[in-house]
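Hello,

Here is the structure for you to take over. My notes on it follow below.

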Amino acid sequence: MTNKQNFLQGMKNGIPICLGYFAVSFAFGIQAADINLSPFQAGLLSLLNVTSAGQFAGLAVIASAGSYIEMAILQAIVNLRYLLMSAALSQKLTPETPTFHRLGIAYGVTDEIFGISVMRKGALSPYFSYGATLVSVFGWVSGTVLGASAGAILPQRLISALGIALYGMFIAIIIPPARESRPVLITVVAGMVAATIFTYAPVLRALSGGMRIIIVTVLVAGAAAYIWPVEN
Amino acid sequence: MTHSVYLYILVMAAVTYAIRALPLTLIRKEIKSKFIRSFLYYVPFATLAAMTFPAIITSTDYVSSACIGFAAALILAFRRQSLIVVACGASATVLIAELILGFM
């Protein structure tokens, strides 16, 4: 396949991702506007980050005027999974793939783009990644900007309903693997229970939303790794 | 101390990009530690679960409609529906639930 064919194939495979991103980032834009980010700021945030869970968690830090250190640690923890995906993708590239292509592919490492990239037969062409990333990010950024600007003129009923969209996406990511694996299921339930305790229990509830997610993640994932080490 | 939105965005972007770029460019060998590999494997599940619940309960205007939407999302996800179907299905369920509850 030529570079152009790979690019076009990537764009085509990116269309469903683009649609899904649009719906979710629209909800993100509404929430960003809720804490007084302008449509430009929200769009810039989406363009530079392209990470639903990380951006969503980041809004909580901005809203509570948390420190930049807290923001950095939170992003590192929430987006830690990209470390694994990036490592896996490095094995899909030919060894002679130049560094600038590796840096380009890195920008588009998300759950969904990683998913379609790692499924490619044979070596991964950087141009496939670029095509998929371009289309997906277009949906992600335009949805954010529209949500942040038009969110204000939408009926309140609709805004209320869209508020749950991001959580729906998180559930769609974690539940199918939880069906397959008991340790994953227990990890998911334990994460929810621990987050509930940290949200409402005396003393613990004083922690910011960001620190809560970090502590619960390290405790629960650490315990799961200790009890059920993953083979290979 | 006041915080700049742009500085927040920059910190987020720098950390997130570094995480994505470092393994692709630097790490060529497999991670040896079984514990670290296992920990990394469980991280997304623990994080996303902690971010979803209990926050989802207050994500809409009414706790009751959010609970119904939560249930709808769980059912759809258990049936292995795609991200967009689960996200939109949960939203549509909340919308319908609030319209019905609004008339009661």
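Among the elements of chain B, mean pLDDT is lowest for H2(B), at 85, and highest for H3(B), at 96. Here pLDDT is the predictor's confidence in each residue, from 0 to 100, and elements are DSSP runs numbered from the N terminus: helices (H or I) of at least four residues and strands (E) of at least two. Chain B as a whole has a mean pLDDT of 88, with 91% of its residues at 70 or more. Where pLDDT is low, the predicted coordinates should not be read in detail. For the complex, the predictor reports an ipTM of 0.86 and a pTM of 0.75.

This is a predicted model, in which local features need pLDDT of at least 70 and side-chain atom pairs count only at pLDDT 80 or more, while totals for chains, interfaces and linings use all residues. Residues are numbered from 1 along each chain as its sequence is written, and chains are lettered from A and ligands numbered from 1 in the order in which they are written.

The chain contact takes 80 residues from chain A and 62 residues from chain B; two residues are in contact if their C-beta atoms, placed from the backbone, lie within 7 Å. On the side of chain B that touches chain A, two or more residues come from each of helix H1 (5–25), helix H2 (34–52), helix H3 (63–78) and helix H4 (83–103) of chain B. H2(B) gives the most, 18 residues. By class, that side of chain B has 43 nonpolar, 12 polar and seven charged residues. Nonpolar covers Ala, Val, Leu, Ile, Met, Phe, Trp, Tyr, Cys and Pro, charged covers Asp, Glu, Lys and Arg, and polar covers the others, Gly among them.

Within chain A, the domain assignment gives domain 1 (3–162) and domain 2 (181–227); such bounds come from an automatic or database assignment. Their centres, taken over C-alpha atoms, are 25 Å apart. In the contact between them, 10 residues of domain 1 meet seven residues of domain 2. On the domain 1 side, helix H3 (52–63) and helix H4 (68–78) of chain A each give two or more residues, and H4(A) has the largest share, five residues. That side divides into seven nonpolar, two polar and one charged.

One helix pair in chain A is also listed. Ile174(A), Pro177(A) and Ala178(A) in H10(A) meet Val184(A), Leu185(A) and Val188(A) in H11(A). By class, this contact has six nonpolar, no polar and no charged residues.

Regards
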